Amino acid sequence: MFNPEKIQASLEGILPCVQKPGRYTGGELNQVLKDWDNVQTHVALVFPDIYDIGMSNLGLAILYDLINQRGDALAERAFSPWNDMEAAMRRSGVPLYSLESKRSLAEFDIVGFSLPYETLYTNTLNALDLVGIPLFSAQRDEGHPLVIAGGHATFNPEPMHAFIDAFVIGEGEDVIHEIIQVHQEWRQAGGSRDRLLRALAQLWGVYVPSLYRAEYYPDGTFSHIEKLAEEAPLPVIKRIVPKLPPPPTNLIVPYIDTIHNRFPVEIMRGCTRGCRFCHAGMITRPVRERPVQEVVDAIATAIQKTGFEEIGLLSLSSSDYTHILELVNAVSQRFSGKHLSISLPSLRIESFSVDLMDALKDSRRGGFTLAPEAATERMREIINKPVSTVQLLETARAIYSRGWTTIKLYFMIGHPSETLEDVQAIADLCKAVLSEGRKLIGGRAQVHAGVSTFVPKPHTPFQWVPCDTVEQILAKQVLLKKALRGNGLKLTWNNPEDTLLEAWLSRGDRRMAEVVYQAWQRGAKFDAWKECFRYDVWLDAFRSVGLEPAFYTHRERPIDETFPWEHISTSVRKKFLTEDYLWSLQGKTRVDCRERCFACGILPTFADMRRTHPGEVWQCPEVKSKKIPVQSILEKGVEKGESRIVNPISITS
Amino acid sequence: MRLRITFAKTEAMRYTGHLDLHRTWERTLRRAGLPLAYSQGFKPHPRIVLASALPLGCTSECELVDVWLEEQLPLDHIHGTLQQAMPPGLHVLQVAEVDPALPALPTQLSASEFQITFRSSVPDLDMRLEQLLHASELPRVWREKAYDLRPLIFEIRRLPDDEHECQQITVTLAAQEGRTGRPEEVVLALSGEPEMSLIHRTKLIFQSNH
């Protein structure tokens, strides 16, 4: 067994031989290193990609802070070693270790994986293998750590069901404490691993896949899920926090550069826009905002504690934050002249956004990013991101005339019912924007078009639609590459095969777990990395399991199909999603739900929470109703929770 | 005011490269609440100048950085607030005020002295040192470029073994812009294993008119 001393000693010889050894040392400013023997519960937080990426993940930083605030628990970090480091570790027998105490992850009580996107699945298996923890949940015993996972991808946990003991569905801030408590009680009482899992299954927001069985029809489509234990809730309702807790400010300051090397602060969680392609927008409802003062104070504290020169004000749609102007003014007043750069991503396409960026004077005058997502008004109505081309060009003029020289435009190809004319329109729109720039600032004007490919996601109104085939994607990309040539124009795009992997895994079922396993066995890892992703390995894995990849991606799913992720409830009802999908086919849009409630299903589920948190904290309508404890919702199921929404507009199809 | 800070670089900080170290200093000064000066212009950058890049993985007890502050502050105050704000692995040893008119640090450097500890012993080390000293040239290749290491070595000699009976040497290498000897190249020239050697910078040597 490798103890911390032996791991440290091995690293002395390994680190000088690998790229960026700073990824593997730990010991950074603000890391928390507790006395191992003085705490009951040891949690390893793993981001299964390299340090440079994982250290930029806010979810990990939040959980690290919350767990380490407890006197009886500690949290340490681990990341995937890059290929050179992995090879060196395997040669010397060094297990995947935590950066803080250099302990093998096998010594921890709980190993928690952050899974914000699907391309981390094989790395998760690889990480378990590097520790020597059995990959399959069923093969673990009381001596192994509890393996849990959370993050946006786990809203469809099924492709990873065989490897993870328990998933956290939704927000982790509260439930992590409950998981630690259940674990401590189980340790004290003793008992089997099964007993621990059954106890965990009773926590709101926890899904223990081994307590369910999936059934399929002979044609391979999903039939239903069956629960195998009394303790297993059906559906599993996502966890949310009623109010965003104060943001962590003593973030770890990396010794080396990372992708987002900055202090991130969430100003708002959730989004009211209702873009139909947007997974995050559907699963993170309801919208909860942080008070302006709390954000400003957090920045001031964080600068003292970290010294970061860049601040990221994060949300899914900054312009929609109720007091955005007040926030921007407060931030620029308090921190101007301090040589900070403040980023405010996800701004609406309107000239007011340019005013906002202008107010943050210290920001880098790099590019100004807008995300129209589609280039024709027809298409933008289908995806419910209605903005007129006139307004977009007006915004572009405002951007160029206020000192920016580059506009980055983000689009997706592969939207439902998209034609080559819609794709051609992307090129035309980019050129129209560039010509506005030329009129204002001449040859300095630039347009960068980032064109990714749409992947239909579970729990969204587009969960029924087929994903474009490789041939379709290639044809569209060829068109764009030809059309977007010339001075001042730049185009970036995704490899269509990468898109397919994401598409297979997003809407996969339990049988996909075997594909993930077979792919990993054949060497798949770092699938999110161009230089590592191996499409042929995945096709081979599908063949070995006897599944057809196109079944998951290119099949138009009938409107009444039951999906393998339906037992995971985001609280946005399927009825709402169905209606929204049907509306999209007619090009019918919905306004921002701050303007009127469309009864998506969030309020009935969380009515009591809303009632006890009135006012601006939430952006859903106020609720006046008798008290319905969440527990009773869990027992009765979502649909039965009765409440009266003030001024609801009920939609029936 | 222009400060010259002497600092040590140890522990995990030895894997922080030159650019990242520059940023680390900017952050440290911001945490300390010291009024760091920035250059004028469209994209102001902090006025921090490190004397000499330390190869990745090496430790040091003699690094130098010049920092400009917007206002005059007492040196003991600066030293105190800096010490509070230093990240693990960086240690302030001395803070002095220098003449703002002095030339930039890197242009004044002439050589670096390193102490190298071989954790796996080099056979016939004394003989190899002799050979190296008497060689008229030491052709080597660094990043696909051929060069002669010998004229970059000003001095090299054996030190007494350390407490773990590891062999130790000290070497003085050229450290001028565009003409810098790398200590790990010396280890290789002695047929040692760089990954099994601890390299520690002990002195920065400036041109005599400094």
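Does A:Lys20 count as buried or exposed? With 20 C-beta neighbours inside 10 Å, A:Lys20 counts as buried. The cut-offs behind that word are simple: a residue is buried if 20 or more other C-beta atoms lie within 10 Å of its own, exposed if 12 or fewer, and partly exposed in between, with C-beta atoms placed from the backbone.

## About the model

This is a predicted model, in which local features need pLDDT of at least 70 and side-chain atom pairs count only at pLDDT 80 or more, while totals for chains, interfaces and linings use all residues. Residues are numbered from 1 along each chain as its sequence is written, and chains are lettered from A and ligands numbered from 1 in the order in which they are written.

## Chain A as a whole

Let us start with the overall picture. Chain A has 653 residues, and a compact globule of that length would have a radius of gyration near 26 Å; the value for chain A is 25 Å, which agrees. That radius is taken over C-alpha atoms, and the globule rule is 2.2 Å times the number of residues to the power 0.38. Along the principal axes, the C-alpha atoms of chain A fill a box of roughly 70 × 55 × 55 Å.

Of the 653 residues, 51% count as buried. Among contacts between residues at least 6 apart in sequence, 75% join residues at least 24 apart; a contact here means that the two C-beta atoms, placed from the backbone, lie within 7 Å. The secondary structure of chain A comes to 22 helices and 19 strands, taken as DSSP runs numbered from the N terminus (helices are H or I, at least four residues; strands are E, at least two).

## The six-stranded sheet

Six strands of chain A form an open sheet with mixed pairing, in the order S2-S1-S3-S4-S5-S6. Two strands pair if DSSP finds at least two bridges between them. Strand S2 (73-79) and strand S6 (206-207) of chain A stand at the edges with a single partner strand each, so one side of each is left without a neighbour in the sheet.

Strand S1 (residues 41-47) of chain A is joined to S2(A) by seven bridges, and the two run parallel. A:Ala44 stands opposite A:Glu76 in S2(A), and A:Val46 stands opposite A:Ala78 in S2(A). S1(A) also pairs with S3(A) in the parallel sense, over four bridges, and there the bridge partner of A:Val46 is A:Phe113. Six of the seven residues of S1(A) are buried, so this strand is largely enclosed by the rest of the structure. Helix H3 (residues 58-69) of chain A lies across S1, S2 and strand S3 (110-114), running at about 155 degrees to S2(A). For that angle, axes are lines fitted to C-alpha atoms, for helices over the stretch in contact, and angles run from 0 to 180 degrees between N-to-C directions.

## Domains and their contact

The domain assignment of chain A gives domain 1 (4-237), domain 2 (262-364) and domain 3 (568-640); such bounds come from an automatic or database assignment. Where domain 2 of chain A touches domain 3 of chain A, the contact takes twelve residues from domain 2 and 16 residues from domain 3. On the domain 2 side, the elements that give two or more residues are helix H8 (279-283) and strand S12 (288-289) of chain A.

By class, that side of domain 2 has four nonpolar, three polar and five charged residues. Ala, Val, Leu, Ile, Met, Phe, Trp, Tyr, Cys and Pro count as nonpolar, Asp, Glu, Lys and Arg as charged, and the others, Gly among them, as polar.

## Where chain A meets chain B

The contact between the chains takes 21 residues from chain A and 20 residues from chain B. Helix H9 (residues 292-306) of chain A gives the largest share of the chain A side, three residues. By class, the chain A side has ten nonpolar, nine polar and two charged residues.

## Backbone details worth a look

Most residues other than glycine have a negative phi, and most peptide bonds are trans. A:Lys20 has a positive phi of about 45 degrees although it is not a glycine, and this residue lies in the loop between helix H1 (4-14) and S1 of chain A. A:Lys102 has a positive phi of about 60 degrees and sits in the loop between helix H4 (83-92) and S3 of chain A. A:Lys102 is buried, with 23 other C-beta atoms within 10 Å.

A cis peptide bond joins A:Leu234 and A:Pro235, with omega about 0 degrees; A:Pro235 is in the loop between strand S8 (222-227) and strand S9 (236-237) of chain A. A cis peptide bond also joins A:Arg285 and A:Pro286, with omega about -5 degrees, and A:Pro286 is in the loop between H8 and S12 of chain A.
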